[in-house]
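Colleague: Please take a close look at one part of this model, the aromatic cluster, and then set it in its surroundings. Give the cut-offs as you go.

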Amino acid sequence: MTPSVATLVFVVDDDASVRKGLGRLIKTAGYDVEAFASVGEFLARRPYDGPCCLVLDVRMPGLTGLDLQEALRAAGQRLSIVFITGYRDVPVSVKAMKGGAVDFLTKPVDEKVLLEAIRQAVARTQADRRQLARVAEVQSRIKTLTPREAGVFALVVTGMLNKQIGSELGIGEKTVKVHRARVMEKMRAGSLAELVRLAGEASVIAAGS
Amino acid sequence: MSGEWAVWQVAVGMALVLSSLLLAIGLRLERAGRRRAEVLLGERLRFETLLSEQVATFSRTSAVDVDREIQRALRRIADVLAVDRGNLTEYSDDSRTARVTHWWVADGVGPQPAALGFEEIPWVVTRLRRGELVRFSGLEELPEGDAMVDRETFRRLGVKSQVAVPLTVEGVVVGALAFSTVGTERAWRDELVQRLHLLGDVFAHALSRRRSEMEGQRLRQDLAHVGRVSTMGELTASLAHELNQPLTAILSNAQAAQRILASDKTDVAEVREILEDIVADDKRAGEVIHRLRGFLKKSNIELAALDIGELVGQVARLASSDAIIRSVAIRLELAPGLPAVCGDRVQLQQVILNLLMNGLDAMRESGEGERSLVLRTESGGPASVVVSVEDSGVGIDEADLGHVFHAFYTTKPDGLGMGLAIARSIVEAHGGHLEARNNPGCGATFSFTLPAITAAT
């Protein structure tokens, strides 16, 4: 199972030997590695668009691993994290997992465990990004709707009949049908079911009135 | 008629000669007696002087120097008494065994025999153990029946005369002081022997004082050791971490090397580099353990000239992982060019570590951005060095300021309360002084002085 050459694993740990050792191990599995001695150093690096994940120590002088997790979440960056720690720290591990980490490993970490976690993290980063892109795509489609079309769209996906939509919006049934067709076109939906799904993806909450 | 007068003349002459001879002899005897009296007086004076000097010396002798002083005293006494051998024997607590602990032997005389036990000199030992002194100028003075074994032993060893006084402390015979001649006999004058008995008491007290001081020192060391072990217990989390780093690196490196070797494009140079790193990390881990072991070892005091800045740095490193866990920034303010101090490295590290850990604890409740710990070394004058640990924690209750160094004072629910008491006793044993005060802002500062090694010391 050789991952693509462009897959990059970031390693952040304040101990030089650990960075070197982990880096070597991860490289032998076919990944590229970039190592950083602190959270600050890592944040200074430009985000990487290719497949990647982050192997992150928890306790470090300055910003901690949890701080970085928080910062990435706040910035909306989809980068999956595998935490590694030298301390047996249950509260921290719970916090990390709740924050969306892929795994929380303790040092010294075995290659099988680490590489499996990295594999999952890379996959998760990809999946998350695709999801994000998807949502953005759907939302961009929604943006192309006129206000009237948006209104019709919101009600169509609730299952209302054209007639009901018409009375709701104060327009004729025929007008509704026209708008509806336009919506289907712009949203590139082939059926009502698909339209509903798209709405769900974009987290469109049907307006009540 | 001239015949009779001649005889009378001769008789008178002879009487005159005889009487003048007698007078001469008498005078000479008197002079000799005076001289002998003078000699005796001189001898006695020397002994008295020696005795009073020894009493004075022993009263100021520290436990460490007692042995040397006893040695010196033995030699001087043996000199005054003109004997060939002198020794001090100590009895074990259960009186089963005796050990010659100090001895002096004149040049040309055979070596001091090992302690003669009950089997070899039963009569002598019995008397000594009863608190009675033993003296004889010739072996025939020893009672034939009871001291038969003793006589034989002394004959074998060539001992001609001996005086032995028991050493008693509070009614218990703890040993004996003995002087003997080999080859020639010697008389022992009563007053000399009495004085010897007195001297024996002085020795006995010096020895017992030495024993209790060493007992006290051992107890202090035991306590200090307990203190170190419990401090270490508090540090275990960070110690595990300190070991985990090199272990992690070693495992990852080794597994990387295995993978490289298993692949078809093995780079030997890289594997060699990996092995070098493994060895380096191995040593690093070993060093952490070694440092811990050194700290935890129940060691005797080893005095050395120490660089106090280096000591403080080492302790800061030891606790750095712990500080990180607690989000405390440790700052070192080490004055350059401080004179060395004389002390035991491990014990001083213990004091600094104890103060540091207390400082960390004091900041448990503080906000994460407000935790700072400063370790400072500075000059305390021409002949002293000051070490302080300043925290930004809760400070010390005014009411408690006077008690913090007392044994069993603790603010922790599971604390022993011994740390500061031990710290203070260590500092004082080094000739310094440990004190605490609250900072003008928040938190407290613990600082101690240590005498510096100057050119004069």
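Modeller: Phe10(A), Phe36(A) and Phe42(A) are joined into a cluster by ring pairs. Here rings of Phe, Tyr and Trp (its six-membered ring) pair if their centres lie within 6.5 Å, and planes under 30 degrees apart count as stacked, over 60 as edge-to-face and the rest as tilted. This is a predicted model, in which local features need pLDDT of at least 70 and side-chain atom pairs count only at pLDDT 80 or more, while totals for chains, interfaces and linings use all residues. Residues are numbered from 1 along each chain as its sequence is written, chains are lettered from A and ligands numbered from 1 in the order in which they are written, and side-chain values use heavy atoms, with hydrogens and water left out.

Over all chains the rule gives 6 aromatic pairs. One of them is Phe10(A) with Phe36(A), a tilted pair at 6.2 Å centre to centre with 45 degrees between the planes. Phe10(A) is in strand β1 (residues 8–12) of chain A and Phe36(A) in strand β2 (residues 32–36) of chain A, so this pair links distant parts of the chain, 26 residues apart; helices (H or I, at least four residues) and strands (E, at least two) are DSSP runs, numbered from the N terminus. Phe10(A) counts as buried because its relative accessibility is 3%, and Phe36(A) counts as buried at 9%. Buried means under 20% relative accessible area, exposed over 50% and partly exposed in between, with a 1.4 Å probe and protein chains only.

The rings of Phe10(A) and Phe42(A) have centres 5.3 Å apart and planes at 70 degrees, so that pair is edge-to-face. Phe42(A) is in helix α2 (residues 39–43) of chain A, 32 residues from Phe10(A) in strand β1. Both Phe10(A) and Phe42(A) are buried.

Among contacts in chain A (heavy atoms within 4.5 Å) between residues at least 6 apart in sequence, 65% join residues at least 24 apart.

Chain B has 10 helices and 12 strands, and 42% of its 457 residues count as buried. One buried residue there is Ser180(B), at 6% relative accessibility, which lies in strand β5 (residues 172–182) of chain B. Leaving out residues up to four places away in sequence, Ser180(B) touches Val83(B), Asp84(B), Arg85(B), Val159(B), Ser161(B) and Gln162(B).

The two chains meet through 25 residues of chain B and 24 residues of chain A. The area buried between them is about 2100 Å², with 52% from carbon and sulfur atoms; buried area is the accessible area (1.4 Å probe) that two parts lose on being put together, summed over both. The rule finds 5 salt bridges across the interface, a salt bridge being a side-chain nitrogen of Lys or Arg within 4 Å of a carboxyl oxygen of Asp or Glu. Among them, Asp277(B) meets Arg24(A) at 2.8 Å, N to O. The elements giving two or more residues to the side of chain B that touches chain A are α5 (190–262), α6 (268–296) and α8 (320–325) of chain B. Of these, α5(B) gives the most, with 16 residues.
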